[in-house]
Amino acid sequence: MDAIAPPTTLFDDLKPRTPAGLLSRREKDRLIERGFLGLYRWYTARSQATRNWNPDKSFEWRKLRQDLSEPLIQILQGFFAVEYFTPDYVDEILNLVRKSHGRSHFQLRWGAEEEKHADTWENAVLFSRRRTPEFIESYKEDLRSSVHRSLWEGDALRNLVYTVFQERATQLNYLNLLKIARGKSDKPQHKGDADPVLAQVAQTIAVDEAAHYNFFLEGVRLFLYYYPQRTLEAIRDVITHFTMPAHDIVPDWDAFNYAVYKAGVYGPREYARDVVQIVFRNLGIESRKKLEEGIKRGRIVPDKRDEGTQQTAIWDSFDYGLIEGDVRRIHDKVIAYEREIGRDEIDPLVFVPNPEWPQK
Ligand SMILES: [Fe+2]
Ligand SMILES: [Fe+2]
């Protein structure tokens, strides 16, 4: 997993015949790399066909209300700040995954979509007329005076896992803002914050975040399928230390954090209920307790983590059958996509089943 297979090895053996759990690390890495490449190409085609919007031209900015509440503006400004660090987010991950075609190129695609979010939130703040262009300019200067550093610097797997939780948390933030913009908030400070333009913005960006969440989720499922023990450990570490990106370098983070908390947009309750529980369900993990127990049991098996039958110790800690079904499903989608363009005739993507796990 540490070394990503160079492209030439992708063609060594087009049809692996060994069950997933018994494959060598090199073979697992090759399959993960091929899976990511297919997933990235499939994602890009869908992204271009269904989410090709523009931050300036897709919204009627002149119609944005000019009397939105101060707590709401604080929230929009915070959303802008977090998205504004996109070049840093891309930069740090890109260097980690640069040997992987699918992962490195996806990072650019992802960054291009996140950059649109920053531009859109900036427009929201600017057209609200509640902050002057001069204020926004100096705010941006303040933001860019710091460089974002991931907590999981140098660790590609933990960064991948982190992104799953972060994308879900971001999507949740925007969906809860959407409620406010639709006039459905029960908080007194947001009673007068209904705005159709803002609602369209929040919905559009939330759809992007859902797509990001799904891409990274499929990526983590691939790792969970081939390397369950170390992926579960990564998940445990990430949830233990999870914080929103850039929280330590956005100058007015406390005010933003307070505004999202008071608005019921995001806080510890939302994180536990609507982020961790959702991701766990999507990864077949029953609970944090089960996750911890599984990791401990896995550790009892000496040395050969994730190697063939050695996996047995952790199979109880999560629903491996569910993951296998999900990995198979995404393979089917990508295989159908590659058939559509004819790639299957030259370089077919192949799903490798794992009959070794004890089916319940
Ligand atoms: Fe975003
Ligand atoms: Fe995103």
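Helices (H or I, at least four residues) and strands (E, at least two) are taken here as DSSP runs, numbered from the N terminus. With that in hand, the chain reads α-α-α-α-α-α-α-α-α-α-α-α along its sequence, which comes to 12 helices and zero strands. This is a predicted model, in which local features need pLDDT of at least 70 and side-chain atom pairs count only at pLDDT 80 or more, while totals for chains, interfaces and linings use all residues. Residues are numbered from 1 along each chain as its sequence is written, with chains lettered from A and ligands numbered from 1 in the order in which they are written.

Let us begin with the inside. A residue is called buried if 20 or more other C-beta atoms lie within 10 Å of its own, exposed if 12 or fewer do, and partly exposed in between, with C-beta atoms placed from the backbone. By this count, 42% of the 360 residues are buried. A nonpolar core is a set of buried Ala, Val, Leu, Ile, Met, Phe, Trp, Tyr and Cys residues joined through C-beta atoms within 7 Å. The largest such core has 88 residues, and Ile-75, Val-161 and Val-220 have the most contacts inside it. Two residues are in contact if their C-beta atoms, placed from the backbone, lie within 7 Å. Leaving aside neighbours within four places in sequence, the contacts of Ile-75 include Leu-177, Phe-256 and Val-260.

Now look at a pair of helices. The axes of α6 and α7 (residues 196–226) are 8 Å apart and meet at an angle of about 155°. That makes the two helices roughly antiparallel, a word used for angles over 145 degrees.

Finally, visit a loop. Leu-64 sits between α1 (25–50) and α2 (70–84), and counts as partly exposed because it has 19 C-beta neighbours inside 10 Å. Not counting residues up to four places away in sequence, Leu-64 touches several residues, among them Ala-124, Phe-127 and Val-197. The C-alpha atoms of Leu-64 and Val-125 are 9.9 Å apart, although 61 residues separate them along the chain.

Methods: Axes are lines fitted to C-alpha atoms, for helices over the stretch in contact, and angles run from 0 to 180 degrees between N-to-C directions. Angles under 35 degrees count as roughly parallel, over 145 as roughly antiparallel, 65 to 115 as roughly perpendicular and the rest as oblique.
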